[in-house]
Amino acid sequence: MDKNVKIYSTPTCPWCIRIKQFLKENNITFEDIDVSSNHAAAEEMIQKSGQMGVPVLDIDGEVIVGFDREKIKTVLGL
Amino acid sequence: MFDLIVIGAGPAGITASVYAARKKMQLLVISRDIGGQAAWSGDIENYTGYQFITGTDLAAKFEEHMRKYDIALEENETVTEVKKTNNIISVKTDKGTYEAKSVIIASGKRSKELGVPGEKEFKNRGLTYCATCDGPLFSGKVVAVIGGGNSALDAALQLTKIAKQVHIINITSALGGDAVMREKIEKSKIVTILNNTQITAILGDKFVGGIKIKREGREETLAVEGVFVEIGLIPNSEFVKDIEKNQIGEIKINCRNETNITGIFAAGDVTDVPEKQIIIAAGEGSKAALSAFRYLAQSRL
């Protein structure tokens, strides 16, 4: 079954753009949450990751901070 | 064996790779990221042809231009050593080793750290080096920008659209940077400029809650929830040991972008070229590629 993938991002952060590109290239569907316009989601992201940097990826509850390509691959089984 | 390896994919590296691709050189680009510092810039109003473009969009245009050519690209890879033996230059990375007849180093610069207590602990917990990326998370908050040059002004300007109040902590007696940007900053009602002021510590519990500053010999505490560090840059040049650099670690080049090692060229912010601008880095990248092309033709490598 497909994993539930959420990305917390801002429209201007270069690594957010790359991470989304990477997910698309690998045909992963994901929910993109813009924390610059959604304050509740921003708080949720800070709670989940214990930090304020974007991007943050939530794959079935596993939280990955930043564009950690190898870790993302492992968690997604790519 | 490649004709040319370009290290870095910022404005200099990308432009070099486009020129080299058009000369049909066998080419490899190795980079940690794409767009370099341009991608982290806010609003750009001085890149000819664009009266206004964001750093994100300009970096995307650069990448699109590069991808028009069939250029081999190793992304997310960090170069750890560049060495020339006989006429072969080997480029070692965290993932492998590559060989080429010529190399262009366009690895750019990275943010300088403050070196004050609390900096490491609060990194990404209210302290950031990228206003463009993380700025939106500080909406409605009181923040401090540390620095007084163009990048500090750029960060402060971005934050005026987001934050409740922006303090600029500037160690010198007056703000530097472009007059146009200074005027915009001085007009903003939510910006306070603290000149002759030094930051001495980052305070907080789990996240940043304040900073300690020192002005006129007195220490005081300023309540802020965000700290944006913009105190300048250092060159990414540690991986080349045998190359001549200036006092601040910038690679020395001549007007043809040649370093002291034949076959190794450098371009953009990592070099001692006067003035660091996106358009200058791009121009330097093209020069370096043409020099590398000429070098290969003349030395018949």
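Visitor: In what order do the 5 strands of the open sheet in chain B stand, and is the pairing parallel or antiparallel?

Guide: Strands of a sheet pair through backbone hydrogen bonds, either parallel or antiparallel. In this predicted model, the open sheet of chain B has the order β10-β17-β11-β12-β13, and its pairing is parallel.

Visitor: Which strands stand at the edges of this sheet?

Guide: The edges are taken by β10 (127-128) and β13 (191-194) of chain B. Each has a single partner strand, so one side of each is left without a neighbour in the sheet. For β13(B), the pairing with strand β12 (residues 165-169) of chain B is parallel and runs over 4 bridges. As an example, Val166(B) has Val191(B) in β13(B) as its bridge partner.

Visitor: Where in chain A may I see strands that pair in the antiparallel sense?

Guide: Please turn to strand β3 (residues 56-59) and strand β4 (residues 62-65) of chain A, which pair in the antiparallel sense over 4 bridges. Asp58(A) has Val63(A) in β4(A) as its bridge partner. The two strands, β3(A) and β4(A), form a hairpin with 2 residues between them. In that turn, Asp60(A) has a positive phi of about 50°.

Visitor: What pattern does chain A follow when read along the sequence?

Guide: The pattern is β-α-β-α-β-β-α, and the secondary structure comes to 3 helices and 4 strands. The radius of gyration of chain A is 11 Å, close to the 12 Å that the globule rule gives for 78 residues, so chain A is as compact as a globular protein of that length. Its C-alpha trace spans about 30 × 25 × 20 Å along the principal axes. Of the 78 residues, 33% count as buried.

Visitor: How many helices and strands are there in chain B?

Guide: Chain B has 6 helices and 19 strands. Its radius of gyration is 21 Å, which agrees with the value near 19 Å that a compact globule of 301 residues would have. Along the principal axes, the C-alpha trace of chain B spans about 65 × 40 × 30 Å. Buried residues make up 46% of chain B. Among contacts in chain B with a separation of 6 or more, 61% are between residues 24 or more positions apart.

Visitor: Into which domains is chain B divided?

Guide: Domain 1 of chain B comprises 2-110 + 233-299, and domain 2 comprises 127-229. Their centres, taken over C-alpha atoms, are separated by 32 Å. Where these domains touch, 4 residues of domain 1 of chain B are in contact with 5 residues of domain 2 of chain B. The domain 1 side of this contact has 1 nonpolar, 3 polar and no charged residues.

Visitor: What scores does the predictor give the complex?

Guide: The complex has an ipTM of 0.77 and a pTM of 0.81. Chain B averages a pLDDT of 95, and 100% of its residues score at least 70.

Notes:
Residues are numbered from 1 along each chain as its sequence is written. Chains are lettered from A and ligands numbered from 1 in the order in which they are written. This is a predicted model: local features need pLDDT of at least 70, side-chain atom pairs count only at pLDDT 80 or more; totals for chains, interfaces and linings use all residues. Domain bounds come from an automatic or database domain assignment. Two residues are in contact if their C-beta atoms, placed from the backbone, lie within 7 Å. Ala, Val, Leu, Ile, Met, Phe, Trp, Tyr, Cys and Pro count as nonpolar, Asp, Glu, Lys and Arg as charged, and the others, Gly among them, as polar. Two strands pair if DSSP finds at least two bridges between them. The radius of gyration is taken over C-alpha atoms; the globule rule is 2.2 Å times the number of residues to the power 0.38. A residue is buried if 20 or more other C-beta atoms lie within 10 Å of its own, exposed if 12 or fewer, and partly exposed in between; C-beta atoms are placed from the backbone. pLDDT is the predictor's confidence in each residue, from 0 to 100.
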